[in-house]
Amino acid sequence: MIETTLLPGPDAGLMHRLPAHGMSPVAREHPQAFTAPGTARAEGVDPDTFAKVVAIRTDDGATWLAVVEAEDHVDLRKACTVLGRGEVRLLTEPELSALAPDCEVGAMPAVGKLYDVPVVADVAIREASAISFNAGSHRWTVRVGRERWEHADGVLYADIASGEEMRPAWARS
């Protein structure tokens with residue numbers, strides 16, 4: 001496991017980039033949380049408006065940020081189809097640390113341009129007028145207007161989530 005130091009606030013690069021691209025970010029501190037649904041609860045927002053960020057790599061070596069609603073999961077088969085690749089995998093913790101060295105592992109913001117990687121988001125994200133996501137820390141989030149975020153980051157929308165229907169029946173109740 002990669003050791004990380006807790007950040008005293010939201011990622012400085014993120015907080016500089018967002019206003020520079022026409023966004024008015026609202027940074028919020030909350031009790032430490034390590035899952036997207038837990039972070040949405042800690043922040044007090046609807047999980048449908050909290051963006052879970054998953055870093056993936058294609059078989060040609062390209063890295064992408066895949067963004068889904070907090071309670072969804074990235075369907076790697078769908079991502080393969082959308083990205084036109086034969087294989088897609090999750091990044092390892094060391095790869096995440098190398099990609100975003102100023103972030104706590106697992107708390108990468110949904111802003112691919114910070115890391116020179118493209119973003120693919122599930123179509124359900126488009127339904128929210130504002131979204132929240134980790135701000136490089138498990139204690140800080142940022143909320144921005146979704147339309148400004150998608151235009152500033154060049155977000156590609158596609159059906160990449162495997163939501164509730166992919167879980168076993170016993171887990172859905």
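Is arginine 126 buried, partly exposed or exposed? Arginine 126 is partly exposed, with a relative accessible area of 44%. The model behind this value is predicted.

**Salt bridges**

Arginine 126 has a charged partner. It forms a salt bridge with glutamate 150, and the closest N and O atoms are 3.7 Å apart. This pair links distant parts of the chain. Arginine 126 sits in the loop between β6 (119–122) and β7 (130–134). Glutamate 150 belongs to helix α5 (residues 146–153), and the two residues are 24 residues apart. Glutamate 150 is buried, at a relative accessible area of 9%.

A search of the whole structure finds ten salt bridges. Among them is the pair of arginine 28 and glutamate 43, whose side chains meet at 3.8 Å, N to O. Here too, distant parts of the chain are linked. Arginine 28 lies in strand β1 (residues 26–29), while glutamate 43 lies in helix α2 (residues 36–43). They are 15 residues apart. Arginine 28 counts as partly exposed, at 35% relative accessibility. Glutamate 43 is buried, with a relative accessible area of 3%.

Arginine 89 pairs with glutamate 95 in another salt bridge. Arginine 89 counts as partly exposed, at 30% relative accessibility. A network of salt bridges links Arg57, Arg89 and Glu95.

| Arginine | Glutamate | N to O distance |
|---|---|---|
| arginine 28 | glutamate 43 | 3.8 Å |
| arginine 89 | glutamate 95 | 2.8 Å |
| arginine 126 | glutamate 150 | 3.7 Å |

**Alanine 79**

Alanine 79 has its place in helix α3 (residues 76–83). Its relative accessible area is 2%, so alanine 79 is buried. What does alanine 79 touch, not counting residues up to four places away in sequence? The contacts are Ile56, Val88 and Ile160. Alanine 79 and isoleucine 160 are 81 residues apart in sequence. In space, their C-alpha atoms are 5.6 Å apart.

**Aspartate 116**

Aspartate 116 is not a glycine, yet has a positive phi of about 60°. Where does aspartate 116 lie? The residue is in the loop between α4 (93–99) and β6. Aspartate 116 is exposed, because its relative accessible area is 73% and the cut-off for exposed is over 50%.

How values were computed:
Residues numbered from 1 in each chain as written. Predicted model: local features only at pLDDT ≥ 70, side-chain atom pairs only at ≥ 80, totals over all residues. Heavy atoms only, no water. Salt bridge = Lys/Arg side-chain N within 4 Å of Asp/Glu carboxyl O. Helix = DSSP H or I, 4+ residues; strand = E, 2+ residues; numbered from the N terminus. Buried < 20%, exposed > 50% of the residue type's maximum accessible area, 1.4 Å probe, protein only. Contact = heavy atoms within 4.5 Å.
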